[in-house]
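Work through the exercises below with the sequence and the 3D structure open. Try each task before reading its solution.

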Amino acid sequence: MQTLKREHWHSRLGIIFATSGSAIGLGTLWKLPYMIGQNGGGAFIALFLIFTLLLGFPLFVGELLLGKINQKSVVSIFSNTKDYGDFAPILGLVSIVATLLIAGWYGVVSGWGINYFVMSIADAFHNKSPQELSDIFLLFRSSGSLNIVWQIVFIICTCFILAKGLNQGIEKYSKIFFSLLFILVILLFLFSSSLKGFPQALDYILSPKFEQLNREAILSALGLSLFTLSLGQGIMVTYGSYLSASENIFKTALIVSVSVVLISVLISLMIFPMIFTFGFEPQVGESLLFITLPYVTEQLPASMALASLFFILLIFAALTSYIGQLEVLVAALIDVFKLNRLKASFITGIVCFVMGIPVALMMSEYNPYPNFQTIFNKDFLEVSDVIITWLLIIFSFGICYILGYKVKKDIILTNLNIKSANLLINCWYFLIRYLIPLCLIFISAVRFNLI
């Protein structure tokens, strides 16, 4: 079979927009706000930011670096047992399983965003009480066919972009979507800062109460940090494999990490002023964006435009992130089975659609697991989230072990475009070899009540 030539990014701006767009998705816009609300406000976001900078940034560099060194998909890289050890193929499997689990619910929840955008331009929130909006959300969630339709629309849009290739697809559309996403975040933040609930939101976010954190919140903050930066799934390894030899990984990773932290804080300060202005509780859970926000925007000037902008923001954020997730699978199919990109994108779309069916139907009369919550004491999404968090941790352990103990230091320096180790490299190397694995072990032990 003919070996397909590896594509490379056209520009650093394309790399930054693609990686930033992948990092700033539903994790930042949907999960972060409601998890902040459920876990003590500022204390949770402080922990999330600490994990993002202390653990996320070095791992972000590590994943890009491993991809750049090997110039292969995540599955092909970890099939190299000679250099990376007999356990390495397990990491490839972990990456694929984590990506499939995430892609399953991600496509469905992103479809919710499309549905609510259509509702906003149809002015469907007009004169609706919070209870009526809650009933509408529950009615929508119980409509399996409608969930599936919007999931299909979202997956088709994503696969269309993937099929067009790295430069004309991922890079081109990431620049467009991320630019629009950033502009919308700034505009909505400026609007929220004028609301009377802004001072309360500022205090809620910036005054951490660490006594409100529990063991589960600590693990959730770590999992969200890894998930938000698109770590532990092989996305950044895959994107790193498209880097040219001259690319400065540290600079790229720093820009992306700072962007994620900045936008995470802005999004929190965009949403919570709206909530506090109208006396809502922030602990409403995963329905926060689909019940509370439609009601809140309806009470404000230019309500239809405001709601529409918000759900466009959600769609753009979801698209840029979903592109990265599915590219892991597309790249693996191209490398392993030598498929062309169109076929690989089509197969990936079909598989991700199938993975999303249980999520789409879980509140309908066709729910394939009607007794799931009774058995597990959590719903399907919550259990999936716990499994995904542990998979991300396992993958991160593997990255630390391979870069810290299996890859020669001169290869690392060469691919970081550094002639000799300096303070920055030594600090990064120390974090990868010792501190990050110890932190992951400690957090895991805390979660299992071993400490």
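**Exercise 1.** How many disulfides does the count come to?

*Solution.* Begin with the kind of model: it is predicted, so local features need pLDDT of at least 70 and side-chain atom pairs count only at pLDDT 80 or more, while totals for chains, interfaces and linings use all residues. Residues are numbered from 1 along each chain as its sequence is written, and side-chain values use heavy atoms, with hydrogens and water left out.

Step 1. Take the rule: a disulfide is a pair of cysteine sulfur atoms within 2.5 Å.
Step 2. Apply the rule, and the count comes to 0 disulfides.
Step 3. Check cysteine 427: the closest cysteine sulfur, in cysteine 439, is 15 Å from its own sulfur, which is too far for a bond.
Step 4. Check cysteine 439: the nearest cysteine sulfur is that of cysteine 400, 9.8 Å away, and cysteine 439 is in no disulfide.

**Exercise 2.** Where is arginine 6 placed, and which side chain does its own side chain meet in a polar contact?

*Solution.* Step 1. Locate arginine 6: it belongs to the segment before α1 (12-23). Helices (H or I, at least four residues) and strands (E, at least two) are DSSP runs, numbered from the N terminus.
Step 1. Classify its accessibility. Buried means under 20% relative accessible area, exposed over 50%, and partly exposed in between (1.4 Å probe, protein chains only). Arginine 6 has 18% relative accessibility, so it counts as buried.
Step 2. Find the polar partners. A polar contact is a pair of N or O atoms within 3.5 Å; within protein, one must be able to donate a hydrogen and the other to accept it, and residues adjacent in sequence count only if both atoms are side-chain atoms. The side chain of serine 241 is such a partner of the arginine 6 side chain, at 2.6 Å. The arginine 6 side chain also reaches the backbone oxygen of glutamine 71, at 3.4 Å.
Step 3. List the contacts (heavy atoms within 4.5 Å). With neighbours within four places in sequence left aside, arginine 6 is in contact with Gln71, Lys72, Ser73, Ser241, Tyr242 and Asp335.

**Exercise 3.** Which elements give two or more residues to the lining of the largest pocket?

*Solution.* Step 1. On a 1 Å grid over the protein atoms alone, a cavity is a set of points where a 1.4 Å probe fits but cannot get out; a pocket is an open set with protein on both sides within 12 Å along at least five of seven lines; lining residues have an atom within 4 Å of a point. Grid points are joined across faces, edges and corners, and a volume is the space filled by probe spheres set on the points.
Step 1. Read the volume of the largest pocket, about 510 Å³.
Step 2. Find the lining: 21 residues, of which Tyr34, Met35, Gln38, Glu382 and Asp385 lie nearest the pocket's centre. The elements asked for are α2 (26-38), α11 (215-228) and α18 (380-406).
Step 3. Sort the lining by class: 8 nonpolar, 5 polar and 8 charged residues. Here Ala, Val, Leu, Ile, Met, Phe, Trp, Tyr, Cys and Pro count as nonpolar, Asp, Glu, Lys and Arg as charged, and the others, Gly among them, as polar.

**Exercise 4.** How many cavities of 30 Å³ or more does the structure hold?

*Solution.* Step 1. The structure holds 2 of them.
Step 1. The largest cavity has about 60 Å³ of space. Its lining includes Lys31, Met35, Ser220 and Asp385, and α2, α11 and α18 each give two or more residues to it. By class, this lining has 5 nonpolar, 3 polar and 2 charged residues.
Step 2. The second largest cavity has a volume of about 40 Å³. Of its 13 lining residues, Ser22, Phe227, Ser230, Ser321 and Gln325 lie nearest the centre. At least two lining residues come from each of α1, α2, α11 and α15 (303-337). This lining divides into 5 nonpolar, 8 polar and no charged residues.

**Exercise 5.** Is glycine 279 buried or exposed, and is isoleucine 432 buried or exposed?

*Solution.* Step 1. Glycine 279 sits in the loop between α13 (249-277) and α14 (288-298). Its relative accessible area is 59%, so glycine 279 is exposed.
Step 1. Isoleucine 432 is in helix α20 (residues 423-447). Its relative accessible area is 0%, so isoleucine 432 is buried.
Step 2. Leaving aside neighbours within four places in sequence, the contacts of isoleucine 432 include Pro58, Leu59 and Cys400.
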